Amino acid sequence: MHFDYYMPTRILFGPGKLNQLAQAKLPGKKALIVISSGNSMRKFGYLSRLEEILTARGIAFAVFDKILPNPIKSHVMEGAELCREEGCDFVIGLGGGSSIDSAKSIAVMAGNPGDYWDYIGGGTGKGKPIPNPILPVVAITTTAGTGTEADPWTVITKEDTQEKIGFGNEHTFPTLSVVDPELMLSVPPKLTAFQGFDALFHSLEGYLAKIATPISDMYALRSIELIVQNLPACIASGSNLEARTNVALANTYAGFVQTESSCTSEHSMEHALSAFYPELPHGAGLILLSEAYFTFFSSKVPDRFVAMAKAMGADVDALPEEERHLAFVPALAAFKEKCGVADLKMSDWGIQAEDLPKMAVNARETMGGLFAMDRYPLSLRETLGIMEKAYR
Ligand SMILES: [Zn+2]
């Protein structure tokens, strides 16, 4: 047994924790606050609360408020330019995964030359080493989905080439993250479901990935249990703070899973879908692919599916040993039903069946690294086969 464990982020977790930012050690004197182009951070008062805390501490700030749900490279470059102009020495991502991921990527580009894609390893990225330091990042998450507050990863789309690629290194971990479930009470039911499923797939894929460790396995299985036990209550009643807190915890665990293990090729395939169809929420894209994806892998690596089925709540012990791995996919289907996301179709977002071959190629060319994490190496034909099976 061999593994490296490295998790350098200080995490303030729990209802009301945003207030603790008033005392927490912050990594600079002037912040670039990165938020989405929607108005929720202003409407719910989260931005003004943050601004008040910073002002009271004598920390200056500028606000960059253009981030899209599937964040794009041009906004990273624009945010980095603003960061330099304003003389900011750290970046705060406030909002969902898109804002926090953008904050990380802006922190990379604020002090570094050239184009963001110069440093990206997949697709048309040049994979150059980053010459200069990366600014420190503070993450304040208002959703439970990406786990980005507890991992080094950021996913950005290059719009003109339809490449949606993850990036991260030991310097893109947030130095400080606030996970305050009170900030999540305002997320509407459908987004709550999509984000919760994203966290679920981070844990499921992280458990399936061939670099999983005993530590990531522990977080993954507990995260799956917490989501299955609490996500339906969050969808039914957004103000259920106990259920929100449990899903937030599951999402933070899923971030640790992403740090210690990895996503697998399901995420590469989803990135292709939402790179071509940016209106498709990431979590919804994963839901669309999931049944075909996990059905395929359950026959290829059955041993890992027994514990996953158990964590999903399936009574695997009642089954003969050789059938236990088969309990996972029905448990996943039942959970989708319970969360009201069983009837989603790719065609709901305008995805055309004839696009699938080029999206299968895109998935492998841009995010090939995650295919390398699969315990069974998928061919292009098998990749396309899974996407075609998932198509409705
Ligand atoms: Zn994801």
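This is a predicted model: local features need pLDDT of at least 70, side-chain atom pairs count only at pLDDT 80 or more; totals for chains, interfaces and linings use all residues.

Modeller: The chain holds 14 helices and eight strands. Along the principal axes, its C-alpha atoms fill a box of roughly 65 × 45 × 45 Å. A compact globule of 392 residues would have a radius of gyration near 21 Å, and the 20 Å of the chain agrees with that. Of the 392 residues, 53% count as buried.

Now the helix pair. Two packed helices are described by the angle between their axes and the distance between the axes. Here the pair is helix α9, residues 282-300, and helix α14, residues 380-390. Their axes come within 8 Å and cross at roughly 130°. An angle counts as roughly antiparallel over 145 degrees and as roughly perpendicular from 65 to 115, and α9 and α14 are therefore oblique to each other. The crossing in which α9 passes α14 is right-handed. On the α9 side the contact is made by Leu288, Leu289, Glu291, Ala292, Tyr293 and Phe296. On the α14 side, Ile386, Lys389 and Ala390 take part. By class, the residues of this contact divide into seven nonpolar and two charged, with no polar residue. An α-helix has 3.6 residues a turn, so residues three or four places apart point the same way. Leu288, Ala292 and Phe296 are among the α9 residues in the contact.

Helix α9 also has a part in the packing of α10. In helix α10, residues 302-311, the buried residues are Arg304, Phe305, Val306, Met308, Ala309 and Ala311. These pack against α9, and also against α5 (189-208), α6 (214-236) and α11 (328-338). After α10 comes Gly313, with a positive phi near 100°.

Gly368 lies in helix α13, residues 368-371. From C-alpha to C-alpha, Gly368 is 15 Å from Thr157, and the two are 211 residues apart in sequence.

Terms used:
Residues are numbered from 1 along each chain as its sequence is written. Helices (H or I, at least four residues) and strands (E, at least two) are DSSP runs, numbered from the N terminus. The radius of gyration is taken over C-alpha atoms; the globule rule is 2.2 Å times the number of residues to the power 0.38. A residue is buried if 20 or more other C-beta atoms lie within 10 Å of its own, exposed if 12 or fewer, and partly exposed in between; C-beta atoms are placed from the backbone. Axes are lines fitted to C-alpha atoms, for helices over the stretch in contact, and angles run from 0 to 180 degrees between N-to-C directions. Angles under 35 degrees count as roughly parallel, over 145 as roughly antiparallel, 65 to 115 as roughly perpendicular and the rest as oblique. A crossing is left-handed if the near helix is turned anticlockwise from the far one by less than a right angle, and right-handed if clockwise. Two residues are in contact if their C-beta atoms, placed from the backbone, lie within 7 Å. Ala, Val, Leu, Ile, Met, Phe, Trp, Tyr, Cys and Pro count as nonpolar, Asp, Glu, Lys and Arg as charged, and the others, Gly among them, as polar.
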